[in-house]
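Please walk through this protein with me, from its overall make-up to its details. Keep the structure in view as you read.

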Amino acid sequence: MEQQVICGNCLELMTPELGLFDVIVTSPPYNLDIDYNTYKDNKERKEYIEWMAAVFMKAKDLLTPNGSMFINLGFGQPDLLLPLEVAKRLSEFMVLQNQIAWVKSIRIGDEQKGSFTPNNSEKYLSNNFEYVFHFTKSYQKIDKNNMSNCWFFPYTYLKSSNMPLTGLNFKPTEKEWLTLTEAHLETGINISAMSVAADKGWLKSNGERSKKRRIYGPDFNRWAAERTQKKTLDHPAMFPVELAEMCLKVHGCGVGCRMLDPFVGVGSSLLAAKNLGLDAVGIDIDPKYVAEARERLVADYGAWNEAK
Ligand SMILES: C[S@@+](CC[C@H](N)C(=O)[O-])C[C@H]1O[C@@H](n2cnc3c(N)ncnc32)[C@H](O)[C@@H]1O
């Protein structure tokens, strides 16, 4: 298993010499004038959309026929349509198979998990999500059983008979659910709440297969993952390692699978690939971020402990 980080312009570096990739997981600049060291994040709107089209057209050429491309895009007020317009432009040459809301902060009972930037605008609600667009070359089967990001389910969901665990016998009391949530928060949100519930014997199983379904049942397009804190890493816009892991899991990456991130920043997606045992290539235009990504890979930080 090998993770490689290359410094340079992805538009120039995405050549056939890199080989083919089964999955692309990336977060390009959002054109929000964010202070990336080298890249100036303030293109004229149309130019930005066309730049995105050029990059992802090239990326598509490096994708296997059954491959998946996950593109995380946020937005700023008032231009709420920009990420959607990028997605629309990309859908001229790829299939937009899924759109996912990455929820950055949720409340479970009295507990607020994750963070968001409050605003005191009279017009806008505080923004609490970003998009992850899942593109393919033609519709692909996804691996729903592999998804284990469950901590965002409030108790009311678990209690209801068919949402989201249709037909499943999962009924902890509210107190048990809170205990589970606490245990979960202690152990880190990378661990599935459902796994904890299974360990506690709250899941009744008719065999391994149904147990697995119960543990990994949810297949929503609303994913929760806490933003990576900036304490130890000098990058203004990282995504969580767990978010990239979710993408890889939905695609169903197995041994021998290769991942590409053309905007790798400080290497979060590469850590996800590493955690799942995949080969991966990351590209970033900024030497400082590339150096940090390399260090991060060598240090082999735990996916979530790094920020503490
Ligand atoms: C949103 S950040 C990605 C952050 C990354 N997901 C992480 O968690 O560290 C976008 C990155 O794109 C890089 N970038 C901008 N233009 C680029 C280009 N033409 N080629 C490669 N990287 C570029 C920036 O330096 C920045 O690190």
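Among contacts between residues at least 6 apart in sequence, what percentage join residues at least 24 apart? The answer is 74%. Two residues are in contact here if their C-beta atoms, placed from the backbone, lie within 7 Å.

This is a predicted model, in which local features need pLDDT of at least 70, side-chain atom pairs count only at pLDDT 80 or more, and totals for chains, interfaces and linings use all residues. Residues are numbered from 1 along each chain as its sequence is written.

The protein holds 10 helices and 10 strands. These are DSSP runs, numbered from the N terminus: helices are H or I with at least four residues, strands are E with at least two. Of the 308 residues, 38% count as buried. Buried means that 20 or more other C-beta atoms lie within 10 Å of the residue's own; exposed means 12 or fewer, and partly exposed lies in between, with C-beta atoms placed from the backbone.

Turn to the ligand. Its shell has 23 residues, and Tyr 39, Met 238, Phe 263, Gly 265 and Ser 268 are the closest. A residue is near a molecule or strand if its C-beta atom, placed from the backbone, lies within 6 Å of it. By class, the shell has 15 nonpolar, 6 polar and 2 charged residues. Nonpolar covers Ala, Val, Leu, Ile, Met, Phe, Trp, Tyr, Cys and Pro; charged covers Asp, Glu, Lys and Arg; the others, Gly among them, are polar. Both α1 (10-13) and β10 (279-284) give at least two residues to this shell.

Next, follow α2 (45-61). Its 17 residues reach 25 Å from first C-alpha to last, close to the 24 Å expected at 1.5 Å a residue. The expected span is 1.5 Å times one less than the number of residues. Met 52, Val 55, Phe 56 and Ala 59 are buried in α2. Seen down the axis, the buried residues of α2 fall within an arc of 90°, so they line one face of the helix. That arc is taken from the directions from the helix axis to the C-beta atoms. The buried residues pack against α1, β2, β3 and α3. On the other side of α2, Lys 46, Glu 47, Ala 54 and Asp 61 are exposed.

Now look at β7 (residues 129-136). This strand is largely enclosed by the rest of the structure, because 6 of its 8 residues are buried. β7 pairs with β3 in the antiparallel sense over 6 bridges. Strands pair if DSSP finds at least two bridges between them. Met 69 stands opposite Phe 135 in β7. β4 (residues 95-103) also runs antiparallel to β7, joined by 8 bridges. There, Trp 102 stands opposite Glu 130 in β7.

Finally, some backbone exceptions. Most residues other than glycine have a negative phi, and most peptide bonds are trans. Asn 31 has a positive phi, near 65°. Asp 33 has one of about 60° and is not a glycine either. Asp 33 has 12, so it counts as exposed. A cis peptide bond joins Gln 77 and Pro 78, with omega about 10°. Pro 78 lies in the loop between β3 (63-73) and α3 (82-90).
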